[in-house]
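Subject: Structure handover, pockets and ligand contacts

Hello,

Here is the structure for your own work.

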Amino acid sequence: MDDLLQDDPLERVQACASRAALAELRSALLGRSGSLTSQLRSLGSLPTELRRSQGARLNALRSQIEAALDAREAELQVAEQEQRLSAEALDLTLPAPPLPRGGPHPISCVLDELRDIFQAMGYRIAEGPEVEDELHNFDALNIPAHHPARDLQDTFWLKDGRVLRTHTSPVQVRYMVAHEPPFKIVVPGKVYRYEATDATHEAMFHQLEGLLVADQVSMADLKGTLRELARGLFGPAAEVRFQPSYYPFVEPGADFAAWWENPKGPGKWLELGGAGMVHPQVFAAVDQLRVAQGKAPCYQGKMGFAFGLGPNRIAMLRYAIPDIRHFYANDPRVLAQFRGMGS
Ligand code: DAH
């Protein structure tokens with residue numbers, strides 16, 4: 001221990017690079033069993049003369065060491081603080097880390113495309129509630145009480161007797177009650193069916209409804225409109241095909257398919273939806289509702305066509321999505337593939 005003192009202790013103090021090392025040195029010199037402390041303690045055994053001179057020397061050395069320790073302590077404290085501050089400093093000139101970027105959902109891409117196609121033909125966009133009453137979802141659309149579409153299996157019923165709309169067609173009724181013809185609208189939205197889900201069925205999916213009402217409208221107008229739709233979606237060579245079908249709110253009614261020219265393989269007919277001429281019963285129900293609201297009836301003798309189609313099928317084909325459930329599973333691995341898409 002004595003060599004600590006021999007070895008110029010003041011230089012050692014100065015050489016300490018951290019406060020921890022300094023504390024160690026302090027206790028090695030001045031602590032209970034530190035070298036200086038034990039020398040001071042051994043003074044008692046010296047002859048008086050020697051004790052006096054040694055005592056004075058050691059005490060002077062102790063004050064020097066203490067002063068040096070305190071000074072070095074203060075220096076190291078400042079240095080450590082400066083180091084910490086510079087480590088924590090924010091460099092505001094650095095570029096910000098990139099924000100995670102989203103993209104439109106594939107269904108939104110298709111709905112945007114459909115909207116563009118119909119707006120180019122002069123259609124307006126209309127919307128309606130997803131919680132509907134039986135009157136708008138069924139009765140006014142000429143779907144009578146015994147119709148299978150009202151079955152418990154197909155429809156989500158609310159406790160108060162309302163339903164989650166099973167199609168976008170009720171917006172036809174709402175729009176006609178509120179507006180006078182002529183007009184043409186498309187209605188994008190979500191619809192609900194109480195169904196077991198599989199690769200092609202979901203309990204919630206999307207539809208796009210179309211409705212045109214005027215004085216003179218024909219099935220040829222309907223077909224021309226749907227062909228324009230097919231060409232907007234699949235290119236100038238696309239065609240549409242009608243097959244007779246039954247929907248209570250149109251007469252005659254049809255299912256329509258579009259010819260899709262597959263660039264990588266054989267083309268095919270893609271079933272897109274249902275369509276037809278607005279049933280006179282629907283116009284009658286609308287006029288009745290208008291009268292009940294104090295409005296003039298104005299649909300008797302009008303003509304119109306309506307159609308409803310499923311954007312899901314278009315998106316599945318367009319983006320090669322094999323299972324409808326991928327659309328709504330919120331799996332970022334699916335959605336990440338659609339970054340930077342859409343208009
Ligand atoms: N609402 C029908 C459905 O969900 C689809 C439909 C068929 C809509 C024919 C129409 C139509 O406007 O004319 O199955």
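A polar contact here is a pair of N or O atoms within 3.5 Å; within protein, one must be able to donate a hydrogen and the other to accept it, and residues adjacent in sequence count only if both atoms are side-chain atoms. The model is predicted, so local features need pLDDT of at least 70 and side-chain atom pairs count only at pLDDT 80 or more, while totals for chains, interfaces and linings use all residues. Residues are numbered from 1 along each chain as its sequence is written, and side-chain values use heavy atoms, with hydrogens and water left out.

Ligand

Glu209 has a polar side-chain atom 2.7 Å from an oxygen atom of the ligand. For Gln172, an N or O atom of the side chain is 3.2 Å from a ligand oxygen. Phe307 uses the backbone: a polar atom there is 3.3 Å from an oxygen atom of the ligand.

Pockets

Pockets were computed on a 1 Å grid over the protein atoms alone, as open sets of points where a 1.4 Å probe fits, with protein on both sides within 12 Å along at least five of seven lines; lining residues have an atom within 4 Å of a point. Grid points are joined across faces, edges and corners, and a volume is the space filled by probe spheres set on the points.

The largest pocket holds about 890 Å³. It is lined by 39 residues, and Arg193, Phe205, Gln207, Tyr247 and Gly273 are the closest to its centre. β8 gives the most to this lining, with 6 residues; strands are DSSP runs of E of at least two residues and helices runs of H or I of at least four, numbered from the N terminus.

The second largest pocket has a volume of about 160 Å³. Its lining includes Thr200, Lys268, Arg313 and Ile321. α11 supplies the most, 3 residues, and β8 also gives at least two.

Cysteines

The search of the whole structure found 0 disulfides (cysteine sulfur pairs within 2.5 Å). Cys16 counts as buried because its relative accessibility is 8%, buried being under 20% relative accessible area with a 1.4 Å probe and protein chains only, exposed over 50%, and partly exposed in between. Cys298 is also buried, at 18%.

Regards
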